[in-house]
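Here is a short tour to read alongside your own view of the molecule. Keep the sequence and the model open as you go.

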Amino acid sequence: MERDSYSHQNTEKELRVRKIKDGTVIDHITPGNALNVLKIVGITGKEGMIISIAMNVPSKKAGLKDVVKVENRELDPEQINRIALISPNATINIIRDYEVIAKDKVSLKDQIQDVIKCLNPNCITNGNEPVKSLFRIIQTNPIYIRCEYCDRIMEYDDIVKQF
Amino acid sequence: MDVLNFLGRHVISIKDFSREELDFILKVANQMERLYKEGSNLLKGKILATLFFEPSTRTRLSFVSAMYKLDGEVISLSNPEMSSIVKGENLTDTIATVQNYADAIVLRHKLEGSSKFMSEISRVPIINAGSGTKEHPTQAMLDLLTIQNEINGKIDGLKIAIAGDLKYGRTGRSLAYALSNYDVNLYFISPPLLRMQPEVVSDLQKLKVPVQESEDIMPFIKDLDVIYMTRIQKERFPDPAEYEKVKGTYRLSLDMLNDAKDELIIMHPLPRVEEIDYEIDKTKYAKYFKQTYYGVLLRMALLTLILKGDNFDLQ
């Protein structure tokens, strides 16, 4: 495991959001999407832990980015990977004692269940039945998914506007 | 050809069937011709439930006929205002109940994906009789049978035009996917507003099926082996004037066939309204009514395969 002290970021003086001791940092979020990312992961803020959000900050890689830091919570990979639906380039850093002990890019498996609704009002998943939405991931970047029940295709805008 | 075992299999989408499986089903369907004429008790003691939440004449009667031809029984719920539904029962509960009354269920429901979901929860096979706007697997199979039987016993090498409402019509779409298993050239003929969904065209291209899209059938007519007409529904057009403009152009008339191949066949899933002139009915090209006969053979085959597996002998 690499020991990374955010060396790729700006100096301490220039950091808009301070380093956290323990928790999860979600970095390289598509600019403007931080709030959607929190929604998709299921964090409302009412849980009580400290959450820091920086939006539209400079990024060497992509010009601009959003960053979210959630203290004292190591988010579960299954929750985290949903972020790939709206921010395919996001990275997850698990922090312990100010050090990055794990760092991964978000990734999607072949299918995603229950996180988003099918846009087709005529889809069985939007009816009165005990069935969860289920999508096949056809392409990750740009995102292109297909409902396993009605074949409806959904892209980035269709997904983001649900949040 | 090996005998394949379809015991308990659901029939949800034509895309779930391989070339080998389709060829086998068509083979068994042809073997059903003798049973159709002579009678049979192959499915004696078996019960089929037909759940049609949307209207149907041909499909429902075809399944009923197929079942009776093989000495099976049918319980039909064909009234969409079924009392349990009016009382608020959902489809899941309906299937959970009906699976105790029948050995297989034929389902037509307006919600897309309804058959697929029901196949995940039902203990008995579900046969999709055309739910939503996308799938009609048994229609596609009987269409294949018609093509194969009416043109020299093979589908490979043919040039097939599918015309009319390709956007909302489930038969054209299902047939296109069915034909993608064979070595064919496809021509999609439709008004621009009713073009085949782009993802279907894209799927076909990925499968290396040559596809041409056009508004006009005439440039291709002399090369075609099959013309499959589908009905254009007025209600699909937001602007009635648009419909009036295209109405006349998607109509097959006898004079259009002057340069057609001798062996050309004309098909239609029915009901036919204006798309095919009545004067074509008596020509050698017209196969749309015989299609319904093949539909019974096909459904006899499918029901036997699903309810008996490989435990039957037609010799």
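## Overall size of chain A

Chain A has a radius of gyration of 17 Å, which agrees with the value near 15 Å that a compact globule of 163 residues would have. Here the radius of gyration is taken over C-alpha atoms, and the globule rule is 2.2 Å times the number of residues to the power 0.38. Taken along the principal axes, the box filled by the C-alpha atoms of chain A is roughly 55 × 30 × 25 Å.

A word on what you are looking at: this is a predicted model, in which local features need pLDDT of at least 70, side-chain atom pairs count only at pLDDT 80 or more, and totals for chains, interfaces and linings use all residues. Residues are numbered from 1 along each chain as its sequence is written, while chains are lettered from A and ligands numbered from 1 in the order in which they are written.

Of the 163 residues in chain A, 29% are buried. A residue is called buried if 20 or more other C-beta atoms lie within 10 Å of its own, exposed if 12 or fewer, and partly exposed in between, with C-beta atoms placed from the backbone. Taking the contacts in chain A between residues at least 6 apart in sequence, 63% join residues at least 24 apart; a contact means that the C-beta atoms of two residues, placed from the backbone, lie within 7 Å.

Now turn to strand β7 of chain A, residues 134–140. It runs antiparallel to β6(A), residues 111–113, and three bridges join the two; strands count as paired if DSSP finds at least two bridges between them. One bridge to look for has Q113(A) partnered with L134(A) in β7(A).

β7(A) also pairs with β8(A), residues 143–147, in the antiparallel sense over five bridges. In this pairing, F135(A) has C147(A) as its bridge partner. β7(A) and β8(A) form a hairpin, with two residues between them. P142(A) is found in that loop between β7 and β8 of chain A, and the peptide bond joining N141(A) to P142(A) is cis, with omega about 5°.

## Backbone details in other loops

Two aspartates in chain A are worth a click. D97(A), in the loop between β4 (91–96) and β5 (99–105), has a positive phi of about 55° although it is not a glycine. D97(A) counts as exposed because it has 7 C-beta neighbours inside 10 Å. D114(A), in the loop between β6 and β7 of chain A, has a positive phi near 75°, and with 12 other C-beta atoms within 10 Å it is exposed.

Chain B has a cis peptide bond from L270(B) to P271(B), with omega near 5°. P271(B) lies in the loop between β9 (265–267) and α10 (290–308) of chain B.

## Where chain B touches chain A

How many residues of chain B are in contact with chain A? There are 13, and they contact 14 residues of chain A. On the chain B side, α4 (91–98) and α5 (114–121) each supply at least two residues, and α5(B) gives the largest share, three residues.

The residues on this side of chain B divide into three nonpolar, five polar and five charged. Ala, Val, Leu, Ile, Met, Phe, Trp, Tyr, Cys and Pro count as nonpolar, Asp, Glu, Lys and Arg as charged, and the others, Gly among them, as polar.

Key: Helices (H or I, at least four residues) and strands (E, at least two) are DSSP runs, numbered from the N terminus.
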